[in-house]
Amino acid sequence: MIRSDVLVIGAGLAGLMAAYTSAKQGKKVTLLTWGEGTLTVNSGTIDILGFDENHKRVNNPLQGIDNLPADHPYKKIGRQALQEGLASFLELTKQHELTYIGSMEANQPVVTAIGTKKRTAYAPLPMVLSEQALTKKKIRAVAIKGLKDFYGDVMIENLKKSFGPDKDYGVIPIDTGLMGGRDITIQDVARYLDTPQGNADFLSQLEDLDQDTLLVLPPIFGSHGHTVYQTISQEMKATMVETTCLPPSVPGIRLRYAFRDELRQLGVDIVESSKAVASEIEGTKAVSVIANSASNQRRYYADRFILATGGFYSGGIEMRDFEKPIEPIFHLPISFVKGEDQWTNEELFGSKAQGYAKTGIETNDLLQPVNKEGQVVLDNVYIVGRNLAGFDFCFEHSGNGIAIASAYKAASVGMGKEA
Amino acid sequence: MSERLPEDELTYYTGDACISCTSCMSNCPVMEATQDYDGPKLVAPAHGRMHFSEEDIERSLELCSNCKTCDRSCPNGVSVSTLNLLQKGVYYRTHKHPMRDLMISRPEPLAKLITGLPMGASLANMGIKVANSLGMLSMMGLAGKRTMPAYTNKTFLSRMKSIKQPKSDKKIVFYVGCSINYNTPEIGEAFVKVMNHNGYEVLVDPAFVCCGSPLIVTGYLDAARKNVDTNVDRLLYWKQEGIPVVSCCTSCSYALRKEYEELYGEKQMKEAGSNVYDAFEFLEMLDAKGQLKTDFKEESIRFMYHQPCHLKSAGIGTPAAQVLKHVPGVAVELADAGCCGICGNYGYRKERYDVSMKVGEQLFKRILLSQPDSVICDCPTCRQQIEHGTHKEAIHPIMVLARNYKYE
Ligand SMILES: Cc1cc2nc3c(=O)[nH]c(=O)nc-3n(C[C@H](O)[C@H](O)[C@H](O)COP(=O)(O)OP(=O)(O)OC[C@H]3O[C@@H](n4cnc5c(N)ncnc54)[C@H](O)[C@@H]3O)c2cc1C
Ligand code: SF4
Ligand code: SF4
């Protein structure tokens, strides 16, 4: 739509959530996206806060947030928007046959693609390690013949470390009938299990396993929703748990389908292959955003603009000259760590956040962009997700949590339902 | 005379921007349909750049349908599908085409021949039916299970001569394209009616030729060059005159506005492309300026809209769905079920029929489940595929506007 109430730029989790929240309030929403959006690479767990500023493990994310510095995005978003945003996310996913399980007050372990454990606040049902799953004596990694990116032996070595030495470990090979063409991907297997034949085939190879077995598999149980996982679970005596995986990430893709279906039903106009490049501004208001089509430029007018372009990682913030980061659409002020020595931290996964990763757009508590003096630069523009200054999602494990909560807040502010 | 685009805009170099994120792989509909295809990332940016030699061809390259889903998925602007087309072009410079390629790549000369003969269209349509029932199409390497598009007895260009239009200062040039001229002239007539009603005079330029897309996707890159140069000349001429060129076919318009530039990398192609609009893109722009006439009769009907892939790639959203909101009683639901699978002449090739139908399955299911009164879609080959896969009528959205305006 050339004229809408809300224009969202970017189709990562933050942009999708902002479009959803706005459309649910009855707004006319247009979503511009350059590239399909990032959920296909997202591991699909909702991390809220895994580590604090000193890289100490956080067990209770909600408490952990209280101890963050004042300029951290969570401090601006606030508890209420975080809780309401999460609730809204859970409602959406549930409607699309995705069950997320977890709590804001306790992180839980999930198994990664290589068999280590990582912790998160909300995990998709197939990834959840229930109490009962943890008591199983036999741990089996399932190796699918011809599948790239999932190595049974590496998995077992790491699982031994994760689950302790006193269990019985092994690898079970299974065949899918997908061999003969290209290297098999996890998504191929997930699509195969979408079919009745794939389903039956899979079961026939594993139904003999006993109750005391925990099967660890890549996320292969269907490409949409969690129904395939639930149906197969009922037929099996053994317990099954999915791991995260390398891209294309099926758990992220399942989320993407859920959002796409929902946004379509709500009448959100998604404009693909549309790169926002500039804007038209009058005083402290943005009037329109200018985006490249295949051969021209188009203007998109709206009352409210939500900038979800993903910061440094996704082109929302560019740096053509060192120490001169720019936000290319509205030319908003950028806050960043100065000095080359502060910029990076030699230890890639060390105990200090990466300076550059905290680069972002400074906002007030309503998520409107502000200048150094704290004055609002544009009062109908809102900043969400990884565009926000002051956090390193990778270091503190907060990416999807901040994306959901900030998007919810930006789309709700001043809409009667103040968050 | 012809100036190259700057290096970083050339398709060949967009491959360097690939970060191997696999977004294209997770969205490619042909990968979803068959394990035989290696997939966009491997075929285009990875293999494609290594193997621009003549003897070598990626073994599964021919499976790429040019639906361009990969391009749209890519966050880094890699022109994946065009890298594939370029590889194919290089390969066929020194390798023989199957015989039927000659036929499926040159709809224009064939149609000219047929519609130029007295009774030619009727005879040809009958001939196609007979040939099909005798299994001849299949022998020629065409998908025998399909109905071939029927020819009209009177082309759009000859009909245009007898359409009386009001004179106006506001003018557009209608890029007619083969499908409308030779197969579905009623779409062209509807378009003229709609534009006239909105105060525009519609010009046609007989110097335009087939957009060349059928040649391009069949690997005849050198042969297509003639069409490209002719059309680019005309587009630039009209640009100079200040008159936009508008098309009712989203694959023609995508070729004119973007594919030429991507394939041949010359500056004037980009310039020419900026003067091309889709019919509904143009109407939506009028609407945004408050200049679209909205004096519609009411029609109680429920449509499902299939957005063609090449329209998605144009980066202009769903203008037809937006404009049709003005017609009272008309409900438009988006299919949003991916590629239809036909992809120009891809699905007409015998050996691609199954993949083509497999790709379309999701769209067919969606349509059959929703049971709309009719399907609307701006692309002629998508419409053929939808009718073939669902036995539901599929029409161009301009027909809906044309039949609902209140003319004096
Ligand atoms: C591999 C990977 C896995 C991850 N897994 C998890 C996980 O399991 N759990 C978790 O909590 N966090 C995870 N994260 C972090 C999380 O993905 C992000 O922090 C968060 O989702 C960011 O979302 P975003 O929408 O702000 O930005 P992004 O996801 O980066 O999305 C930005 C979007 O904007 C588009 N865009 C940019 N510029 C323009 C423009 N000019 N015009 C139009 N569109 C534009 C981009 O193409 C992109 O689609 C992961 C991150 C990575 C890299
Ligand atoms: S053009 Fe379509 S079929 Fe070809 S690689 Fe891209 S997505 Fe796949
Ligand atoms: S989407 Fe683009 S960057 Fe990602 S793998 Fe494909 S071509 Fe490379």
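This is a predicted model: local features need pLDDT of at least 70, side-chain atom pairs count only at pLDDT 80 or more; totals for chains, interfaces and linings use all residues.

Colleague: Which elements of chain A give two or more residues to the side that touches chain B?

Modeller: Those are α6 (186–194), α9 (250–265), β11 (269–271) and β14 (297–307) of chain A. The most comes from α9(A), with 4 residues.

Colleague: And by class, what is on that side of chain A?

Modeller: The side of chain A that touches chain B has 13 nonpolar, 9 polar and 11 charged residues.

Colleague: How many salt bridges are there between chain A and chain B?

Modeller: The count is 5. Arg264(A) forms a salt bridge with Asp336(B), and their closest N and O atoms are 3.5 Å apart.

Colleague: OK, and what area is buried between the two chains?

Modeller: About 3000 Å² is buried between chain A and chain B, with carbon and sulfur atoms giving 44% of that. On the chain A side, Arg264(A) turns up again: together with Arg182(A) and Ala294(A) it supplies 22% of the area that chain A buries against chain B, more than any other three residues. In terms of contacts, 33 residues of chain A meet 43 residues of chain B.

Colleague: Switching to chain A by itself, what does the domain assignment give?

Modeller: Domain 1 covers 2–99 + 253–412, and domain 2 covers 113–243. Taken over C-alpha atoms, the centres of these two domains of chain A are 33 Å apart.

Colleague: How much do those domains of chain A bury between them?

Modeller: About 1700 Å², 49% of it on carbon and sulfur atoms. There, 21 residues of domain 1 of chain A are in contact with 22 residues of domain 2 of chain A.

Colleague: How many salt bridges between the two domains of chain A?

Modeller: There are 2. Arg254(A) forms a salt bridge with Glu242(A), where the closest N and O atoms are 3.0 Å apart.

Colleague: Which element gives the most on the domain 1 side of chain A?

Modeller: α9(A) again, with 3 residues on the side of domain 1 that touches domain 2 of chain A.

How values were computed:
Residues are numbered from 1 along each chain as its sequence is written. Chains are lettered from A and ligands numbered from 1 in the order in which they are written. Side-chain values use heavy atoms; hydrogens and water are left out. Contact means heavy atoms within 4.5 Å. Buried area is the accessible area (1.4 Å probe) that two parts lose on being put together, summed over both. A salt bridge is a side-chain nitrogen of Lys or Arg within 4 Å of a carboxyl oxygen of Asp or Glu. Ala, Val, Leu, Ile, Met, Phe, Trp, Tyr, Cys and Pro count as nonpolar, Asp, Glu, Lys and Arg as charged, and the others, Gly among them, as polar. Domain bounds come from an automatic or database domain assignment.
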